[in-house]
Amino acid sequence: MTSGPGPTGSVSATPAASPSSATAPAPGAVAIRDFAFEPADFTVRPGAVVTVRNADTVDHTLTAQDRSFDTGTIAPGASATFTAPARPGASSYLCTLHHFMRGILTAS
Ligand SMILES: [Cu+2]
């Protein structure tokens, strides 16, 4: 190690170009991690195909409350897609395997 400034202290001057983890993913991509959707609330174009990546260690789904869209079961490490509602508006969704996992998709 070269002489660094030490542990990150008081001033957090984050450069503009930061790695993906902290920034919001591109619209149309959702991740599942630690029993949560990332991001849980997001906006896509009406009728957009949304990719959902399961970065967790157990199966999950992303399913509309009214079942208007559904990825089906996504295995750990796998991805699935669903088509967002063609009509603009907000849709609540959840994981049918873990009902406490929830979010809101807005088509706009
Ligand atoms: Cu789940």
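Q: Two strands pair if DSSP finds at least two bridges between them. What makes strand S5 and S7 a pair?

A: In this predicted model, strand S5 (residues 63-64) and S7 are joined by two bridges. The definition asks for at least two, so they count as paired. Their sense is antiparallel, and in one of the bridges Thr63 has Leu94 in S7 as its partner.

Q: How do you know that S7 and strand S8 pair?

A: Count the bridges again: seven of them link S7 to strand S8 (residues 98-107), in the antiparallel sense. Pairing takes at least two bridges, so this pair qualifies. Ala90 sits opposite Thr106 in S8, and Gly89 sits opposite Ala107 in S8. S7 and S8 also make a hairpin, with two residues between them.

Q: Why are strand S3 and S5 said to stand at the edges?

A: Start with the order of the strands: this open sheet of four runs S3-S8-S7-S5, with mixed pairing. Strand S3 (41-44) and S5 each have a single partner strand, so one side of each has no neighbour in the sheet.

Q: What makes strand S2 and strand S6 edge strands in the other sheet?

A: Another open sheet of four strands goes S2-S1-S4-S6, again described as mixed in its pairing. Strand S2 (36-38) and strand S6 (79-83) have a single partner strand each, so on one side each goes without a neighbour in the sheet. From one strand to the next, the twist averages 25°.

Q: How do you know that strand S1 pairs with strand S4?

A: Strand S1 (residues 29-33) and strand S4 (residues 49-54) share four bridges. With at least two needed, they count as a pair. These two run parallel, and Ala29 faces Thr51 in S4.

Q: How many helices and strands does the protein have?

A: Zero helices and eight strands. Read along the sequence, that gives the pattern β-β-β-β-β-β-β-β.

Q: What makes His60, Cys95 and His98 the residues that coordinate the copper ion?

A: Distance does it. His60 (ND1), Cys95 (SG) and His98 (ND1) sit at 1.9 to 2.1 Å from the copper ion. Along the sequence, the donor residues follow the spacing H-x34-C-x2-H.

Q: Why is Cys95 called buried?

A: The label goes to residues under 20% relative accessible area. Cys95 comes in at 0%, so it is buried.

Q: And why does His98 count as buried?

A: His98 has 15% relative accessibility, so it also lands in the buried class, given the cut-off of under 20%. As for the protein as a whole, 31% of its 108 residues count as buried.

Q: Why is Ser92 called partly exposed?

A: Partly exposed covers what lies between buried, under 20%, and exposed, over 50%. Ser92 has a relative accessible area of 37%, so it belongs in that middle class. You'll find Ser92 in strand S7 (residues 89-95). Setting aside residues up to four places away in sequence, Ser92 touches Ala64, Gln65, Gly103 and Ile104. Ser92 and Thr106 are 14 residues apart in sequence, and their C-alpha atoms are 8.7 Å apart in space.

Q: How do you know that Thr71 is buried?

A: Thr71 shows 13% relative accessibility, so it counts as buried under the 20% limit. Thr71 is located in the loop between S5 and S6. Beyond its neighbours within four places in sequence, its contacts are Val52, Thr61, Leu62, Ala80, Thr81 and Phe82. With Phe82, the separation is 11 residues in sequence and 5.4 Å in space, C-alpha to C-alpha.

Q: Why is the meeting of Glu38 and Arg33 called a salt bridge?

A: The definition wants a side-chain nitrogen of Lys or Arg within 4 Å of a carboxyl oxygen of Asp or Glu. For the side chains of Glu38 and Arg33, the N to O distance is 3.1 Å. That falls within 4 Å, so the name applies. The structure holds one salt bridge.

Q: What makes Glu38 and Arg33 partly exposed?

A: Glu38 has a relative accessible area of 31%, and Arg33 has 32%. Both values sit between the limits of 20% and 50%, so both residues are partly exposed.

Terms used: Residues numbered from 1 in each chain as written. Predicted model: local features only at pLDDT ≥ 70, side-chain atom pairs only at ≥ 80, totals over all residues. Heavy atoms only, no water. Donors = N, O, S within 2.8 Å, 3.2 Å for Na, K, Ca; no water. Buried < 20%, exposed > 50% of the residue type's maximum accessible area, 1.4 Å probe, protein only. Contact = heavy atoms within 4.5 Å. Axes fitted to C-alpha atoms, helices over the stretch in contact; angles between N-to-C directions.
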